[in-house]
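Visitor: I have a model to look through and would like to know how its descriptions are reached. Could you walk me through it?

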Amino acid sequence: MAMHRLNYVTMGVPDVAATAAYYEEFGLTPTSGNRFATEDGGEQLRIEYAPMRRLVELSIGCDDRDDLERITTRLAARGLTVERQPDSLTVTEPVTGVRAIVEVTSRLVQPEVPPTPYNGPGRVERTSPRAPGLVREGPVKPKRLGHVVLGTTDLEATFGFFVEGLGFQPSDYIVGHGAFLRCSTDHHNVLVMSAPVTFLHHTSWQVEDVDEIGRGAMRMLENNPDRHVWGLGRHYAGSNFFWYLKDPAGNFSEYYADMDCIVEGQLWTPEDLEGAKGLFSWGPPPPASFLNPEDLAAHMTGAHDAA
Ligand SMILES: [Fe+2]
């Protein structure tokens with residue numbers, strides 16, 4: 001696959017300072033000018049001002065200039081204007097207005113973390129007195145950006161842009177509602193879903209294991225229980241454990257661990273997921289505000305005002 005990773009996302013929010021403080025507390029490391037780094041992925045979040053919360057930009061890494069040529073040709077065939085630099089291209093997704101940048105980027109090789117020992121029937125992996133998740137003390141620090149979820153008013157067009165234009169691979173489908181797409185070995189790096197208005201649904205950040213999800217979310221909720229959105233649970237699509245929280249702008253941010261890894265596309269069979277399976281395997285039922293965030297009506301009004 002020519003593309004191999006997500007580099008970073010830029011989110012636009014009305015209150016940059018409050019949102020920046022939230023993501024620092026979430027475990028990202030501030031670098032400079034409202035940019036934040038993960039432990040393994042480098043600078044992966046940029047926050048800038050926008051009157052309504054939105055995904056401004058998505059940067060994707062590819063291997064070489066030949067990849068850029070092929071992607072440029074495909075995008076041009078769709079009638080899109082592609083801005084070329086020697087080692088990158090920029091194109092705007094026509095429905096959502098999201099700026100996609102594809103850049104020649106070296107591949108991300110994450111340092112291997114030893115597996116967390118879990119005891120099971122007839123299987124003693126841990127002989128120390130307590131599980132490691134109970135005795136960890138430091139802050140939870142996400143390893144890298146995993147995926148971004150985008151609501152679009154024209155699913156077919158946005159799907160076509162990512163799949164036929166940029167070259168993402170579909171991993172699973174939510175019948176009539178969305179598609180899980182990958183540009184790396186992760187089960188999904190982008191999920192496009194139909195929505196009454198364009199918006200950024202969530203960004204998702206990889207942590208070491210399920211204990212880190214619990215530890216991270218509980219800390220975020222300690223003094224701000226209203227940040228809770230949905231969790232703890234396990235998705236069917238991607239298999240990952242999840243817990244969703246809400247930033248001050250209304251974007252959801254997810255801690256995740258143990259996602260399916262698709263190394264050989266031929267060995268993976270995309271499924272058409274219906275009903276709850278499209279959402280989760282186990283966990284509490286998702287709140288209505290997960291699929292329809294409370295500010296969507298205001299977004300629609302704002303969109304009409306702006307039109
Ligand atoms: Fe997610």
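**Terms and values**

Guide: Gladly! At 3% relative accessibility, His202 is buried, because buried means under 20% relative accessible area, with exposed over 50% and partly exposed in between (1.4 Å probe, protein chains only). This is a predicted model, where local features need pLDDT of at least 70, side-chain atom pairs count only at pLDDT 80 or more, and totals for chains, interfaces and linings use all residues. Residues are numbered from 1 along each chain as its sequence is written, and side-chain values use heavy atoms, leaving out hydrogens and water.

Visitor: Is His147 buried or exposed, and how do you know?

Guide: His147 has a relative accessible area of 1%, so His147 is buried.

Visitor: What makes residues donors of the iron ion?

Guide: Donors are N, O and S atoms within 2.8 Å of the metal (3.2 Å for Na, K and Ca); water is not among the atoms, so sites may look incomplete. His147 (NE2), His202 (NE2) and Glu254 (OE) lie 2.1 to 2.2 Å from the iron ion, and these are its protein donors. His147 lies in strand E9 and His202 in strand E13, so the pair ties together parts 55 residues apart in sequence. Strands (E, at least two residues) and helices (H or I, at least four) are DSSP runs, numbered from the N terminus.

Visitor: Why is H2 called oblique to H4?

Guide: Helices H2 (residues 65–77) and H4 (residues 155–166) pack at about 135°. That makes H2 oblique to H4, because angles under 35 degrees count as roughly parallel, over 145 as roughly antiparallel, 65 to 115 as roughly perpendicular and the rest as oblique.

Definitions and conventions. Axes fitted to C-alpha atoms, helices over the stretch in contact; angles between N-to-C directions.
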